Amino acid sequence: MILPCPDPLVYPALTRTDLVRYAGASGDFNPLHHDHEAATRAGLSDVMAQGMLSAGLLASALTKWFGAGSVASYSVRFRSPVWPSDVLSAHCRRLEALLAEDGTRMARAELELVRSSREIVLLGTACVWTDAVTANP
Amino acid sequence: MIGPGDIIEEWDFTVEAGKLREFARAVRDVHWLDSDIAPPTFPVVASADFVERLVTDLLALDRARTVHGEQHYDYFEPIRVGDRLRCTARLAADELKAGRRGGKMRIVTTEVEFRSVATGSLVCRETMTSIEKAAAET
């Protein structure tokens, strides 16, 4: 059964500070994400956001929509680099109710993280246990 | 030399309240102020030091041409503040494929399993695919 998708979530424009904050929080200190000289030496025009920052932002849409601890599985494929000043939004494109083998009600979500230019930067899929889904079948 | 299926490293990781909150804030998790449940991608914190060593030393990938291809998580129990996790990293695959512009690209898949030290039960499995693009022809 196809369920109604939750509303998109728009994040504030990404700043260099957001990248540094994520570097410290995650422990990913690859210089391409905070050191402009290292980034340009590697042929980039600017520091590039950590892929897992994008994956984390998309996952935060899941926990906002379905609750903390609701995610059973989560997969992402990186499609395009993300840069400072990008405005990203998280979208649920399809939500389908399904029954796990043990009878647990779950839902499978198809997800996209999109740049304001409508370019997909990250494709995701997730399976969630949700009160919202079980309470509003 | 490590090969597919080999355990690369094992280590323990404690989920600290302050670290969890710092991470949740960095990924704009709306529950960051009051939840003791880790955001879905929090396991990257437990594997960050390992991934750094893996990329730079164990696999010696060239960072300037290495990109993160995919990341996958399976969750079996919520990860909570105070949990102590035994982390086991395995090399799942290490393959060379013909690059689109000639040369060989290297595709490396690693898997980290997180088990509760207290109960031994599997809490989470994290799978990561890195792609080292073919070197430019000189």
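Trainee: What volume does the second largest pocket have?
Mentor: This is a predicted model in which local features need pLDDT of at least 70, side-chain atom pairs count only at pLDDT 80 or more, totals for chains, interfaces and linings use all residues, and side-chain values use heavy atoms, with hydrogens and water left out. Residues are numbered from 1 along each chain as its sequence is written, while chains are lettered from A and ligands numbered from 1 in the order in which they are written. On a 1 Å grid over the protein atoms alone, a pocket is an open set of points with protein on both sides within 12 Å along at least five of seven lines; points are joined across faces, edges and corners, and a volume is the space filled by probe spheres set on them. For the second largest pocket, that volume is about 220 Å³.

Trainee: Which residues that line the second largest pocket are the closest to its centre?
Mentor: A lining residue has an atom within 4 Å of a point. The second largest pocket is lined by 21 residues. Those closest to its centre are Gly69(A), Ile37(B), Ala38(B), Pro39(B) and Pro40(B).

Trainee: How do the residues of that lining divide into nonpolar, polar and charged?
Mentor: Ala, Val, Leu, Ile, Met, Phe, Trp, Tyr, Cys and Pro count as nonpolar, Asp, Glu, Lys and Arg as charged, and the others, Gly among them, as polar. On that basis the lining of the second largest pocket has 14 nonpolar, five polar and two charged residues.

Trainee: Which element gives the largest share of the lining of the largest pocket?
Mentor: The largest pocket has a volume of about 1,400 Å³ and is lined by 50 residues. Elements are DSSP runs numbered from the N terminus, with helices (H or I) of at least four residues and strands (E) of at least two. At least two lining residues come from each of α1 (16–26) and α3 (51–66) of chain A and α2, β2 (66–75) and β5 of chain B. The largest share, six residues, comes from α2(B).

Trainee: Which element gives the most to the lining of the largest cavity?
Mentor: The lining consists of Ser47(B), Phe50(B), Val51(B), Gln71(B), Thr110(B), Val112(B), Glu126(B) and Met128(B). Two or more of these residues come from each of α2 (43–58), β4 (104–116) and β5 (122–132) of chain B. With three residues, the element that gives the most is α2(B).

Trainee: How many charged residues does the lining of the second largest cavity have?
Mentor: That cavity is lined by Leu54(B), Val55(B), Leu59(B), Leu61(B), Val108(B), Thr110(B), Met128(B) and Ser130(B). The elements that give two or more residues are α2, β4 and β5 of chain B. The lining divides into six nonpolar residues, two polar and, for charged, none.

Trainee: What area do chain A and chain B bury between them?
Mentor: Contact (heavy atoms within 4.5 Å) takes in 34 residues from chain A and 27 residues from chain B. Buried area is the accessible area (1.4 Å probe) that two parts lose on being put together, summed over both. Carbon and sulfur atoms carry 60% of the area, and the total is about 2,700 Å².

Trainee: Which side chains meet in the salt bridge between chain A and chain B?
Mentor: A salt bridge is a side-chain nitrogen of Lys or Arg within 4 Å of a carboxyl oxygen of Asp or Glu. Between chain A and chain B the count is one. At 3.5 Å, N to O, the partners are Asp18(A) and Arg28(B).

Trainee: Why does the salt bridge of Arg115(A) and Asp86(A) tie together parts that are apart in sequence?
Mentor: Their side chains meet at 2.5 Å, N to O. Arg115(A) lies in strand β5 (residues 105–115) of chain A, whereas Asp86(A) lies in the loop between β3 and β4 (88–99) of chain A, so the parts tied together are apart in sequence by 29 residues.

Conventions: On a 1 Å grid over the protein atoms alone, a cavity is a set of points where a 1.4 Å probe fits but cannot get out, and a pocket is an open set with protein on both sides within 12 Å along at least five of seven lines; lining residues have an atom within 4 Å of a point.
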